[in-house]
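We will go from stop to stop, picking a few residues each time and looking at what is around them.

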Amino acid sequence: MAWIVLVVAGLLEAVWATALSESAGLTRPVPTVVFAVATVLSVVGLGWAMRHIPTGTAYAVWAGIGAVVTVVYAAATGAEHLTALRALFLVGIIGCVVGLKKTSDDERDAAMQDEDDEEPMGLD
């Protein structure tokens, strides 16, 4: 569940970044409200996910998702150009996010295995 919340929080990061750009320096009311709401929800989701996922991993995944989705959305709407080199770097970010997720699961599984291997106290 924590990973789902983290992904949604990362998507909301892209929403607030885009809304901030559209707000013209927080002078346009609708994008400013979208920015404020999305920011709060994104950071709350990140904070909740950090209760279950290591801080460095959660933050890197959150920022990576937000960055990739923001650039892809900007390219899809024509606000930015997506060159082959930029696409390659985005794929690199995605690969890093997936790698962090996979190794986080490995660390959790190893920690759980270590706990299972310990003998109960007082049974010598």
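Start by selecting Thr70 and showing what lies around this residue. Leaving aside neighbours within four places in sequence, Thr70 is in contact with Ala14, Ala17 and Thr18. Keep in mind as you look that this is a predicted model. Thr70 itself belongs to helix H3, which covers residues 55–76. Is Thr70 buried or exposed? Its relative accessible area is 19%, and because the cut-off for buried is under 20%, Thr70 counts as buried.

Next, select residues 2–22, helix H1, together with residues 29–49, helix H2. At what angle do H1 and H2 pack? The angle is about 155 degrees, and the two axes are 7 Å apart. An angle over 145 degrees counts as roughly antiparallel, so H1 is roughly antiparallel to H2. The crossing of these two helices is left-handed.

Now show the side chains where H1 and H2 touch. On the H1 side, the residues making the contact include Val5, Leu6, Leu12, Trp16 and Leu20. On the H2 side, look for Val34, Phe35, Leu41, Leu46 and Trp48, among others. Coloured by class, the contact of H1 with H2 shows 17 nonpolar, three polar and two charged residues.

How many aromatic pairs does the structure hold? There are two. For one of them, select Trp16 and Phe35: this pair is edge-to-face, with 6.0 Å centre to centre and 75 degrees between the planes. The pair links distant parts of the chain, as Trp16 sits in helix H1 and Phe35 in helix H2, 19 residues apart. Both Trp16 and Phe35 are buried.

For the other pair, select Tyr59 and Trp62. These rings are tilted, with 5.6 Å centre to centre and 40 degrees between the planes. Tyr59 and Trp62 are three residues apart in helix H3, which means that about one helical turn separates them.

Trp62, at 8% relative accessibility, counts as buried.

Notes: Residues are numbered from 1 along each chain as its sequence is written. This is a predicted model: local features need pLDDT of at least 70, side-chain atom pairs count only at pLDDT 80 or more; totals for chains, interfaces and linings use all residues. Side-chain values use heavy atoms; hydrogens and water are left out. Helices (H or I, at least four residues) and strands (E, at least two) are DSSP runs, numbered from the N terminus. Buried means under 20% relative accessible area, exposed over 50%, partly exposed in between (1.4 Å probe, protein chains only). Contact means heavy atoms within 4.5 Å. Axes are lines fitted to C-alpha atoms, for helices over the stretch in contact, and angles run from 0 to 180 degrees between N-to-C directions. Angles under 35 degrees count as roughly parallel, over 145 as roughly antiparallel, 65 to 115 as roughly perpendicular and the rest as oblique. A crossing is left-handed if the near helix is turned anticlockwise from the far one by less than a right angle, and right-handed if clockwise. Ala, Val, Leu, Ile, Met, Phe, Trp, Tyr, Cys and Pro count as nonpolar, Asp, Glu, Lys and Arg as charged, and the others, Gly among them, as polar. Rings of Phe, Tyr and Trp (its six-membered ring) pair if their centres lie within 6.5 Å; planes under 30 degrees apart count as stacked, over 60 as edge-to-face and the rest as tilted.
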